[in-house]
Amino acid sequence: MELSKKIVENVKKEIIKKFPEMAQVEPTCVSKTKKVSPELLSKLKVSFPKAVVGEEVFVLSFRKMFSTTDGFKITKIVKATVDRHGKLLKTIVSK
Amino acid sequence: MKSVAILVSNEKRLKLKYKKEADAILKKLEKYKTFLTDEAIETRILLTKKIEPSDIREEFSSFEKKYLNRKEVYFLIIGGDDIVPFFKLDNPTDDEDDFIYSDSPYASRDEEYSIPERIVGRLPDINDSEGSDSKFFLSVLDNFIFKHKLKRDGSKSFGYTASVWKKTSKAVYRVIKNGEKLIITPPVTKDNFEKEWIAKKRYLYFNLHGSKETNCWYGQRGFGDPEEYPYFPVAFIPELVKDVGSSVVFSEACYGGYIFGKTDSTAISLKFLTENSDLFIGSSAIAYGPIEPPSTEADLLCKYFFQYVNKGLTYGSAFLNAKIDFAKKMIRTQGFLDEDDIKTLIEFNFFGDPTLRIV
């Protein structure tokens, strides 16, 4: 499944509100399926989260290069994870 | 039953790298063993002949079986990537890192290596293009040999954050004991940074940008900051690391723990070790954090680590427990560990003696 253009545009608007410097950036979009291995859960001694496993989520990545005051380039990456309805689940940024 | 520490190195590789001076390093290992034994930690030296990380990990497992009834078993790797190599793990997430240098698989008995079961630390040496410097390694080993006898300096803590992350940094810093005012960059930069801020502090917390191409960490202008503030100022450089005593340092910077081909003048992490810090935790790759609380990714791992150190756990045990709590929390919140969570778990490495603790 792909995210609709409308949802992508809404996510872009949300991200630009928080990161105006990403205004001209076209994000890449990758779909992921929520999964967790039984071995990992058993190692952590936590129960299987049945309700969410198998759901599809989408990660939109925004990248832009910036110059530091000493002339180096740093790529800033902002990642927004949304569900298939476009609900923003998580936003993270590279350090 | 006593805790056990296993000092792991590779004699052949030490001799290949340091020639005659390798003997001095091997003597330091014996001395380290004596000092830890005096501290009631049964200590063994494992001089591996293996080269592949997966084979060395097998040796960890065999060695560990002898001590399963012990309270805690600590593995302390002595040397950098060309002595006891890091694992080079596939990058689980979509960014510019080709692979991740990680000690995480050494801390795991199975292939779910993002979740640790063993306590593993490393005292790295350096390996730059100009050759090997035994002075660095001997000095770091000497620092650590005597650390158990040292009274920990100071009770205050220091925090330094990019302005854009001040809210998220505050959420982390509030768990750090006796935190003084969080310093924000900009307006602070390397040029008006006061070295006394980090002198003889117990905990040092850094939430700055980093790059593997430079020896600096950077700030970032935040929302509402004056336009005349520089956007990405140089915030911190190795020359500022002086008189840091026996501090516990956690840096969330991208590549904050990237030491490959670096020295103590080109990597802040290594500079902290030569200046006698107890511990440096940092990332070997691009690290992530949230833009506002609640804490996730590097912020959350750091927060949990300091909470456990405050409780009096050894640094190694605090790091292990922080990773487990991080994974549990993200599964509770999201229902799974996403790729960025897994990257966070495997990219942060522990440079220091895991048997130490704040007394």
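In this predicted model, helix α2 (residues 22-38) of chain B and helix α4 (residues 134-145) of chain B have axes that come within 10 Å and cross at roughly 10°. That angle makes α2(B) roughly parallel to α4(B), a label used for angles under 35 degrees, with over 145 counting as roughly antiparallel, 65 to 115 as roughly perpendicular and the rest as oblique. Axes here are lines fitted to C-alpha atoms, for helices over the stretch in contact, with angles from 0 to 180 degrees between N-to-C directions. Helices (H or I, at least four residues) and strands (E, at least two) are DSSP runs, numbered from the N terminus.

**How the numbers were made**

- Residues are numbered from 1 along each chain as its sequence is written, and chains are lettered from A and ligands numbered from 1 in the order in which they are written.
- Because this is a predicted model, local features need pLDDT of at least 70 and side-chain atom pairs count only at pLDDT 80 or more, while totals for chains, interfaces and linings use all residues; side-chain values use heavy atoms, with hydrogens and water left out.

**The helix contact in chain B**

- On the α2(B) side, the contact (heavy atoms within 4.5 Å) is made by Ala24(B), Ile25(B), Lys28(B), Lys31(B), Tyr32(B) and Phe35(B).
- Their counterparts in α4(B) are Phe137(B), Leu138(B), Leu141(B), Asp142(B), Phe144(B) and Ile145(B).
- The residues of this contact divide into nine nonpolar, no polar and three charged; Ala, Val, Leu, Ile, Met, Phe, Trp, Tyr, Cys and Pro count as nonpolar, Asp, Glu, Lys and Arg as charged, and the others, Gly among them, as polar.

**Aromatic pairs**

- Rings of Phe, Tyr and Trp (its six-membered ring) pair if their centres lie within 6.5 Å, with planes under 30 degrees apart counted as stacked, over 60 as edge-to-face and the rest as tilted. By this rule there are 40 aromatic pairs over all chains.
- Phe35(B) and Phe146(B) form an edge-to-face pair, 5.0 Å centre to centre with 80° between the planes.
- This pair links distant parts of the chain, 111 residues apart: Phe35(B) is in helix α2 of chain B, and Phe146(B) is in the loop between α4 and β7 (157-162) of chain B.
- Phe35(B) counts as buried at 19% relative accessibility, whereas Phe146(B), at 36%, counts as partly exposed. Buried means under 20% relative accessible area, exposed over 50%, and partly exposed in between (1.4 Å probe, protein chains only).
- Trp217(B) and Phe236(B) form a stacked pair, 5.8 Å centre to centre with 20° between the planes.
- Trp217(B) lies in strand β11 and Phe236(B) in strand β12 of chain B, so the pair ties together parts that are 19 residues apart in sequence.
- Both Trp217(B) and Phe236(B) are buried, and they belong to a cluster linked by ring pairs that also includes Phe158(B), Tyr160(B) and Phe193(B).

**The three-stranded sheet of chain B**

- An open sheet has the order β10-β11-β12 (chain B), with antiparallel pairing; two strands pair if DSSP finds at least two bridges between them.
- β10 (209-210) and β12 (234-236) of chain B stand at the edges with a single partner strand each, so one side of each is left without a neighbour in the sheet.
- Strand β11 (residues 217-218) of chain B is joined to β12(B) by two bridges, and Trp217(B) has Phe236(B) as its bridge partner.

**Strand β6 of chain B**

- Five of the five residues in β6 (residues 119-123) of chain B are buried.
- Ile119(B), Gly121(B) and Leu123(B) point one way from β6(B), while Val120(B) and Arg122(B) point the other way.
- Strand β3 (residues 73-78) of chain B runs parallel to β6(B) and is joined to it by five bridges, with Ile78(B) opposite Leu123(B).

**A sheet built from both chains**

- An open sheet of five strands has the order β1(A)-β2(A)-β3(A)-β4(A)-β15(B), with antiparallel pairing.
- Its edge strands are β1 (28-33) of chain A and β15 of chain B, each pairing on one side only.
- β3(A) and β4(A) form a hairpin with four residues between them, and Gly86(A) in the turn has a positive phi of about 95°.
- β4(A) pairs with strand β15 (residues 288-290) of chain B over three bridges; Val93(A) is partnered by Gly289(B) and Ser94(A) by Tyr288(B).
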